[in-house]
Amino acid sequence: MFPDHIRELAAKLLAEYELAGYTVATAESCTGGMIAGALTDIAGSSRVVDRGFVTYSNVAKSEMLGVPPSLIYAHGAVSPEVAVAMAVGALAKSKADVTVAVTGVAGPAGGTPEKPVGRVYIATAVRRGAAKHKEYNFPGDREAVRLATVQTALERLRAAKPETAIR
């Protein structure tokens, strides 16, 4: 289902998290559950994956993750502020130790000069730690943007260093 390099990355992440005793949750907009899908495509992932939130609409972001509608209105759904709020909300609504959130414009439509197709914000949050975010501009068509987002989100989860989570 996923390219080999994404499956290998997901397997490494799961092994590292299992060894450290940490769990993960995802909050996804533009990927529509693909990050959780990549993780759960690996046998034994239930020992690490707590849950995944697919919050494609703004209402879902607010209802499922507690993202304030005023934040979405002020900054837009595709923004670092909303990505961070999604990651923090996923922590609050799950038992996970580490979360990743993605929001972006996968295309082919929906881009603007300020937020072009390929613009994605990825945020991670660690329980009792600071949330971090980064902006990306992925090239290619919808599939390429979404796969690049999945790969980068998995890399960001690995960099979140589960050992920094304080139980």
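Let's start with proline 108, which sits in the loop between strand 3 and strand 4. The peptide bond leading from glycine 107 into proline 108 is cis, with omega near 5 degrees. When I say helix or strand, I mean DSSP runs, H or I over at least four residues for helices and E over at least two for strands, numbered from the N terminus.

A quick word on the source: this is a predicted model, where local features need pLDDT of at least 70, side-chain atom pairs count only at pLDDT 80 or more, and totals for chains, interfaces and linings use all residues. Residues are numbered from 1 along each chain as its sequence is written, and side-chain values use heavy atoms, leaving out hydrogens and water.

There is another loop to look at, between strand 4 and strand 5, and arginine 128 is found there. Arginine 128 is not a glycine, yet its phi is positive, at about 60 degrees.

On to the helices. Axes here are lines fitted to C-alpha atoms, for helices over the stretch in contact, and angles run from 0 to 180 degrees between N-to-C directions.

Which helix packs with helix 6 at about 20 degrees? That is helix 1 (residues 4–20), with the two axes 10 Å apart. So helix 1 is roughly parallel to helix 6, a label for angles under 35 degrees. Among the residues that meet here, helix 1 brings Leu9 and Leu13, and helix 6 brings Leu147 and Val150; contact means heavy atoms within 4.5 Å.

Last, the record: UniProt, in an unreviewed entry, lists residues 8–159 as "domain: CinA C-terminal". Over residues 8–159, the chain is 43% helix and 21% strand, and the end C-alpha atoms are 16 Å apart.

Methods: Angles under 35 degrees count as roughly parallel, over 145 as roughly antiparallel, 65 to 115 as roughly perpendicular and the rest as oblique. UniProt positions are given in the numbering used here, feature names are shortened, and annotations may be inferred rather than shown by experiment.
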